[in-house]
Amino acid sequence: MIDITPEQARANAATATHPVEQYYADLNNSIRVCSLEGKHKITFGFSRALASEALVDGVVNQLLRTGYSVERLSSNDEQHFIRISWEHTSEPVKLSGG
């Protein structure tokens, strides 16, 4: 059963904030959950209403410094998107026999 009215939803949206720490917590959780599912990459979205380009750039830089591969994807009217990967980027060395 839906127990929130449209008026309450609008009021929530009008006063919404999403601190930087919450983005990092959400991202950490997404990476943890997806990696435990055997995935090697995720696409993560930032609300354009709540996240500036500078915030997204800061998150991307932090991920790159940590060793992740990150790709900025096209944004839409509502979201900035990035793709984060923790796959090995180098091919294993093949040893030739005898």
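The side chain of Ser 85 reaches the backbone oxygen of His 40 at 3.5 Å, and that side chain also reaches the backbone nitrogen of Glu 87 at 3.2 Å. A polar contact here is a pair of N or O atoms within 3.5 Å; within protein, one must be able to donate a hydrogen and the other to accept it, and residues adjacent in sequence count only if both atoms are side-chain atoms.

Please note that this is a predicted model, in which local features need pLDDT of at least 70 and side-chain atom pairs count only at pLDDT 80 or more, while totals for chains, interfaces and linings use all residues. Residues are numbered from 1 along each chain as its sequence is written, and side-chain values use heavy atoms, with hydrogens and water left out.

Is Ser 85 buried or exposed? Ser 85 counts as buried because its relative accessibility is 13%, where buried means under 20% relative accessible area, exposed over 50%, and partly exposed in between, with a 1.4 Å probe and protein chains only. Not counting residues up to four places away in sequence, Ser 85 touches His 40, Lys 41, Tyr 68 and Ser 69; contact means heavy atoms within 4.5 Å.

Let us turn to the sheet. Ser 85 lies in strand E3. Helices (H or I, at least four residues) and strands (E, at least two) are DSSP runs, numbered from the N terminus, and two strands pair if DSSP finds at least two bridges between them. The sheet is open, with three strands in the order E1-E3-E2 and antiparallel pairing. E1 and E2 are the edge strands, each pairing on one side only. Seven bridges join E1, residues 41–47, to E3, residues 79–85; Lys 41 stands opposite Ser 85, and Gly 45 opposite Phe 81. Four bridges link E2, residues 69–72, with E3, and Val 70 stands opposite Ile 84. A hairpin of six residues joins E2 to E3.

Finally, the core. A nonpolar core is a set of buried Ala, Val, Leu, Ile, Met, Phe, Trp, Tyr and Cys residues joined through side-chain atoms within 4.5 Å. The largest has 16 residues, and among those touching the most other members are Leu 27, Phe 44 and Ile 84. Helix H2 (20–36), E1, helix H3 (53–66) and E3 each supply at least two residues of this core, with the largest share, five residues, coming from H3.
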